[in-house]
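Dear colleague,

Please find the structure below, handed over for your records. My findings come after it.

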Amino acid sequence: MIPLLKRLGYRPYQVVWELTLACDLNCRHCGSRAGKARPDELTTPEALALCEELVALGTRRVTLAGGEPTLRLDWPLIANALTSKGVRVNILSNGRSWDADKARMVKLYGLESVAFSLDGCEATHDYVRRIDGQWQHLLDSIDLTRAAGVTVSVVTMLNRRNMAELEDMRAILAEHDVASWQLQLGNPTGNMADHPELVIRPPDVLDLIPRIAALKQLPGRPKVYPADNIGYFGEHEGVLRDRSKVVPFWVGCRAGCHVVGIESNGNIKGCLSLPSALNDEDRFVEGNIRDRSLTEIWKDPDAFAYNRKFSVEQLEGYCRQCAYAEICRGGCGWTSFAHVGEMGGNPYCYYRQSMEREAQV
């Protein structure tokens, strides 16, 4: 797949931008240990210059994330700098400080949607977020955002407390007219590394994946989107992937090929979820825009080598000998690294767990 991606050309089509690490919550699953703003976060002029560079590089979609991105007061200026040039922008919020004024600004500045983080039914969500009443406040935020004429999505980090609640959650989201629902596995990095009791076990995917596939096939809202760390292959793969795509199956991580992550101090990673300094890891930071422009970093032939220069020898254990190794490349790199310390050897692969279960029968 990498030779094909190379022929198609490397472009940062999708960007996830951590506007600030500041956050008004202290969630048990936070991979970036958000809370305080980084001491060296980009200034407004630096952020606006970066917007111009993203447009020039051909970026199509930007997710404004955090921390809590709305705690950075110039977020509407950054959003407008992108939407005014035709870039699709959405914003990911925990909803804690959300209000009708923010919803109106989203509408005014032409953002595509607001995505709220919801981590289960009431007791589970408030436990993960460490604050009573947050679940109800979030549902109220969804309602007032819809009332402003803005499309709403929800993102859920799957854990051992909420994995039994998915069907109930889907019904709740439908009642509140949520358009889409992204599900992703929680990994033991950041705060979640301190809460191993929340981490789903690899064999759990044998129950989880068929249920997600069933939810994805239900009519009406919300439309279910499994994230890139859910799958891979096996009998449900064709359902899990977006059928509007030319290739309706997993074709490997696109970090550093078509996706880029920007930290709030200007550090550039192939994927924002990959660990960095706050998790005592620096191998995935390709550079900082204060030292080299994003264009220079992106076009560096040695950057993002774990993907752009991939070989099967990078994979570990089961993944190395798997029939899908060249296509899959070990699944989600963040998940693999979180569990085995390398970019290959993903234990949460549905195909792998299915084969291992069959071998035990």
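The notes below cover the sheet, a helix pair and a pocket.

This is a predicted model, in which local features need pLDDT of at least 70, side-chain atom pairs count only at pLDDT 80 or more, and totals for chains, interfaces and linings use all residues. Residues are numbered from 1 along each chain as its sequence is written, and side-chain values use heavy atoms, without hydrogens and water.

Strand 8 (residues 259-262) runs antiparallel to strand 9 (residues 267-269) and is joined to it by two bridges; pairing requires at least two DSSP bridges. G261 lies opposite K269 of strand 9.

Helix 2 (residues 44-57) and helix 3 (residues 75-83) have axes that come within 9 Å and cross at roughly 20°. Helix 2 is therefore roughly parallel to helix 3, a term for angles under 35 degrees.

The second largest pocket has a volume of about 200 Å³. A pocket is an open set of points on a 1 Å grid, where a 1.4 Å probe fits, with protein on both sides within 12 Å along at least five of seven lines; lining residues have an atom within 4 Å of a point. Its lining includes K6, R11, W298 and K309, and divides into four nonpolar, no polar and five charged residues.

Yours sincerely

Note on methods: Helices (H or I, at least four residues) and strands (E, at least two) are DSSP runs, numbered from the N terminus. Grid points are joined across faces, edges and corners, and a volume is the space filled by probe spheres set on the points. Ala, Val, Leu, Ile, Met, Phe, Trp, Tyr, Cys and Pro count as nonpolar, Asp, Glu, Lys and Arg as charged, and the others, Gly among them, as polar. Axes are lines fitted to C-alpha atoms, for helices over the stretch in contact, and angles run from 0 to 180 degrees between N-to-C directions. Angles under 35 degrees count as roughly parallel, over 145 as roughly antiparallel, 65 to 115 as roughly perpendicular and the rest as oblique.
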